[in-house]
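Visitor: I have a model open and would like to learn how to read it. Could you walk me through?

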Amino acid sequence: MPTPISHGIFGAAIGAIAARVVPELPVWQAVATGALSAALPDIDVVFELRHAIVAKSSRYRVFTHRGITHSLFVAPLLVMLMRGFDASGPLSAVVFWGYQSHLLLDLFNGRDGVALLLPFTRRRYRFRWRPIRSIPLSTRVLQPSYLGKVSAGVASEVAWIWSCAAILAALTYVF
Ligand SMILES: [Zn+2]
C-alpha cells in the first residue's frame with residue numbers, strides 16, 4: 001500500500017488547491033484537513049492486526065484492509081456528519097476529495113484491489129496499470145532484499161504520488 005505519508009501529501013495538495021479557490025479558507029486548515037482525510041482510510045490496518053492475532057485474514061472480509069473504510073460511500077457520510085456539526089462547505093469538500101483521493105491512489109497499487117462498492121458488493125477493484133509499488137510490512141527490516149523493496153516502493157511513491165501532488169498544487173498557483 002502507499003504509505004500514509006504519501007496519501008497525506010496528495011491530500012495536502014488538494015487542500016492547497018481548495019485554499020486557492022476559496023480565499024477565505026485558511027491555508028493551514030485546508031492543507032491539514034486534506035492530509036488527514038487522505039490518510040484516514042488506512043485506519044483499517046487495525047483490522048489486519050486483529051485478523052493476524054485471532055483469525056486468518058481474507059480479502060473478502062468487510063472489516064479488513066481496503067474493506068469498508070475504502071468504500072466510495074464513506075466520504076459522503078463523513079461530509080454529512082460534518083454538516084451536522086456545522087462545518088463550513090469548503091472544508092467538507094476538502095474532506096470529501098481528500099478521502100476519495102486515497103481510494104483512487106490505491107487503485108494504482110497492489111494485487112488485492114479495493115472494495116469500492118461495499119456494502120453492496122465485496123468485489124474488489126484495481127487498475128490494470130499499477131505503477132505504485134507496495135512497501136511490505138515486515139520484521140525483516142535489516143535484510144538487504146527487504147531494504148531493496150522498501151527503497152523501490154519509496155521511489156515509486158515519490159515518482160507517482162509526490163510529483164503529481166506537486167504538479168497539481170503548482171498548477172493551481174500558476175493559474
Ligand atoms: Zn488504503
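Visitor: Leaving aside its neighbours within four places in sequence, which residues is Ile 161 in contact with?

Guide: Two residues are in contact if their C-beta atoms, placed from the backbone, lie within 7 Å. Here Ile 161 touches Pro 2, Ser 6, Ile 9, Phe 10, Leu 105 and Ile 132. Mind that this is a predicted model: local features need pLDDT of at least 70, side-chain atom pairs count only at pLDDT 80 or more, and totals for chains, interfaces and linings use all residues. Numbering starts from 1 along each chain as its sequence is written.

Visitor: How many helices and strands does the protein have?

Guide: Both are DSSP runs, numbered from the N terminus: helices are H or I, at least four residues, and strands are E, at least two. This protein has six helices and zero strands.

Visitor: Is H1 mostly covered or uncovered?

Guide: Call a residue buried if 20 or more other C-beta atoms, placed from the backbone, lie within 10 Å of its own. In H1, 14 of the 18 residues are buried.

Visitor: Which residues touch the most other members of the largest nonpolar core?

Guide: Such a core is a set of buried Ala, Val, Leu, Ile, Met, Phe, Trp, Tyr and Cys residues joined through C-beta atoms within 7 Å. Of its 27 residues here, they are Phe 10, Ala 13, Ala 16, Ala 18, Ala 30 and Ile 161. H1 gives the largest share, nine residues.

Terms used. Buried ≥ 20, exposed ≤ 12 C-beta atoms within 10 Å, placed from the backbone.
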